[in-house]
Every structure is written in C-alpha cells, then in structure tokens.
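Have a look at the fold and its ligand first, then read on.

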Amino acid sequence: MEVKVSLFGFGNVGRAVARVLLEKKKFIRERHGLEFKVVSVTDRSGTLWMPEGIDLREALMIKESFGKLSARTNEYETYDMGPKEAIRDVEADIAVDITNDRSAHEWHLAALREGKAVVTSNKPPLAFHYSKLIGKARKRNLPYLFEATVMAGTPIITLLREGLLGDSIERIEAVLNATTTFILGEMEGGGSLEEALERAQKLGIAERDPRGDILGIDAGYKATILHCITFGPKTFDEARVKGIAGITSRGIQRARKRGRTIRLVATVERGSIIVEPQEVPLDGPLAVKSHENAAIIETDLLGGLIIRGAGAGLKETASGVVSDIVKASFVIQGR
Ligand SMILES: NC(=O)c1ccc[n+]([C@@H]2O[C@H](COP(=O)([O-])OP(=O)(O)OC[C@H]3O[C@@H](n4cnc5c(N)ncnc54)[C@H](OP(=O)(O)O)[C@@H]3O)[C@@H](O)[C@H]2O)c1
C-alpha cells in the first residue's frame, strides 16, 4: 500500500528519519507491505512539495549543501508555505512533526481536522495540550502517535499505552534526559558542572542553550507525557521540577563512597510529577550511562518492570518516528 507522508522539520532528527526511509525502503516494503511516498518536506525556509514524491537523496543534498530547503535548484520548486499552509494544501495521509516548534499543537489539530494521522517527536505539544490533541484524534478516529518524545526509540510509550492493560500502574521512576546523565557521569571523574557542560556541548550532546536540560525542563516534559498516558491528563505547569544546577562533584563523590551516584530522576505517580536529582545505587537500573535512559514501572500484578535503552541519538530517535509511521499506516490501511 502506498502511504503519502508530509515531513515537518528537516534538522538532525528529520534528516535521520529521511535516511532511514531511504535506506530501509526495501525492508519496509518486504516486511510491512508499505511504500512511503514523501510528498512534502517543510523547514523554516519553506516547503518542498511534489505530489509524485520527493527524491529524499536530493532533498538531503539540498539541505546539507545550502542549510535550507528554499535554495533554488533546477528540479525542485520550494513553496513559501509554513506548516499550517502545507497541512491545508498538501494531500497526505500522515503529517510527521520533527520540528521543535512549541506552537505545533495548532497545526497538529489542523492536521487531524483535515483527516491526517499525526506522528511527532516534539514534546511541548503533548506536555501542554495532551487532552485536546488526544480528544481530537479520538473524535476523528485517527492515529496520534508520539513514541520518540520519551526515551527516543526505546518503546516505553507503546509499552504503557498498549501493554499492561490489566495492571494498575502504581509508579514510574525514570532517568529520561541523556544530557544530564552525561554531565553527571563526567562529574563523577571530579570535574565541575561547567567543565562537563562545555565538554557535552563540544561533543554535540548538549545544545548551545542547555537550560532545557540543566533545569530539568526536558525531563519534566517527558515525565508529564508519561503521566498523561498512565494516569490521565496533566500539564507541565503542574510538574515539580528541579534540575541539576546545584549538584557538585564533591556531592557525587560523597554519594559514590556509599555505593551510590546522582541522576536526574523523574517520579510519576497518580496526580504527581516530580523531577529532581536523586542518589541512585551504582549497581541499580537507574545508574545509566551515556545516552541510555531507564524506567522502573511498578504495577500491582507484574511487580517491577525495567525498560532501558537509548534515550537520545539520531537513528535511535528515527527508530521511534519510523515505527510510528508504520503503525499509523496500518491503522489507515485497516479503515
Ligand atoms: N535529537 C534527539 O536526540 C531527539 C530525541 C527525541 C526527540 N527529539 C525531538 O525531535 C525534534 C527535532 O529535534 P532535532 O534534534 O532534529 O532539532 P533540530 O536539528 O533543531 O531541527 C529542528 C527542525 O525543525 C524545523 N522547524 C522548527 N520550527 C519550524 C516551523 N515552525 N516550521 C517548519 N520547520 C520548523 C527547523 O527548521 P530549520 O532547519 O529551517 O531551522 C529544523 O529543520 C525536537 O522536538 C526534539 O526535542 C530529539
């Protein structure tokens, strides 16, 4: 079955998604019987739009050579259209949001109104507007999927939304932000937070403006999303969030002498979302390293369940996005 896809955002993750769609075209056809046709790609400069399908190799080349899609080439016309116009004008089955547009919920809702499925890796729309978005998707009977918003491709969202359906989940404790894990890991060696942050920025692990990670906001968005799918709607404003700014390497050394280390831990229970640095046992599941995330899910029937895996990275995030595109296609196919 052919599925028409509009991509929004052609940054690091967007291009990784495009590469996976290109490189795994044959796999996706043989394994899933699906043929994805990317009909538009939008960045902040405009929209590449070809109803007959865009050559993603060419689109990647344009973006990587010129930094923007609106660069003129012989073959491709770029249209002066932002996401709202592209949602309205481009005929597609699935709108894939891989932007960092904080107002994207507006065009997610528009996409659902237009009868398009939505797949997203963008956290703020869910952390602030979960009820409205899920409500609209249910009303229109359309998939609204967001696996990559929490733990990248490690499928905690699918686990919580589609598994454990007879269990009452009591709490989730999780390390959800890889940048703070990297920084705290570096500080275990004795350096200061500033030095560790500088190293993280040099390696491209931390963003130029690292406040979202250091202050716990990114982890707070993710914890809010986990609360929404597990215990019901809440918004990020209701989360209690404290970042790692006050952590010193001396504090970490002291914890290590007791067989513990410090990680930024999210604790999610019914009605409560808390993100704060906590001591965790060095040999326990939350003492993750590098770009790993981990979550302990406690339920009445199963007891403790641990899910651990990549929580950041480009192909790792693309894994979650592409999985959702396939899943959305199955739903569309079934209708
Ligand atoms: N990187 C990760 O490991 C990771 C993991 C999980 C989730 N995510 C999420 O995935 C999303 C993308 O991350 P990224 O690392 O790829 O970010 P990025 O490299 O900064 O790319 C963001 C892309 O979004 C585009 N964009 C932003 N606002 C737009 C708008 N209003 N209209 C059209 N395009 C717009 C940008 O356009 P320009 O290119 O023109 O600037 C850029 O192409 C973010 O929401 C991020 O939080 C990332």
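The protein is built from 13 helices and 13 strands. Please keep in mind that this is a predicted model.

**Overall fold**
- The radius of gyration is 20 Å, which agrees with the value near 20 Å that a compact globule of 335 residues would have.
- Along the principal axes, the C-alpha trace spans about 65 × 45 × 35 Å.
- Buried residues make up 47% of the 335 in the protein.
- If you take the contacts between residues at least 6 apart in sequence, 67% of them join residues at least 24 apart.

**Around the ligand**
- The ligand is surrounded by 26 residues, and the closest are Gly-9, Gly-11, Val-13, Arg-44 and Thr-99.
- Sorted by class, this shell holds 13 polar, 8 nonpolar and 5 charged residues.
- Two elements, helix 1 (12-23) and strand 2 (35-43), each supply at least two residues of the shell.
- Helix 1 gives the most, with 3 residues.

**A look at Met-50**
- Pro-210 lies 160 residues from Met-50 along the chain, and their C-alpha atoms are separated by 37 Å.

Terms used. Residues numbered from 1 in each chain as written. Predicted model: local features only at pLDDT ≥ 70, side-chain atom pairs only at ≥ 80, totals over all residues. Near = placed C-beta within 6 Å. Helix = DSSP H or I, 4+ residues; strand = E, 2+ residues; numbered from the N terminus. Nonpolar A, V, L, I, M, F, W, Y, C, P; charged D, E, K, R; others polar. Rg over C-alpha atoms; globule rule 2.2 N^0.38 Å. Buried ≥ 20, exposed ≤ 12 C-beta atoms within 10 Å, placed from the backbone. Contact = placed C-beta atoms within 7 Å.
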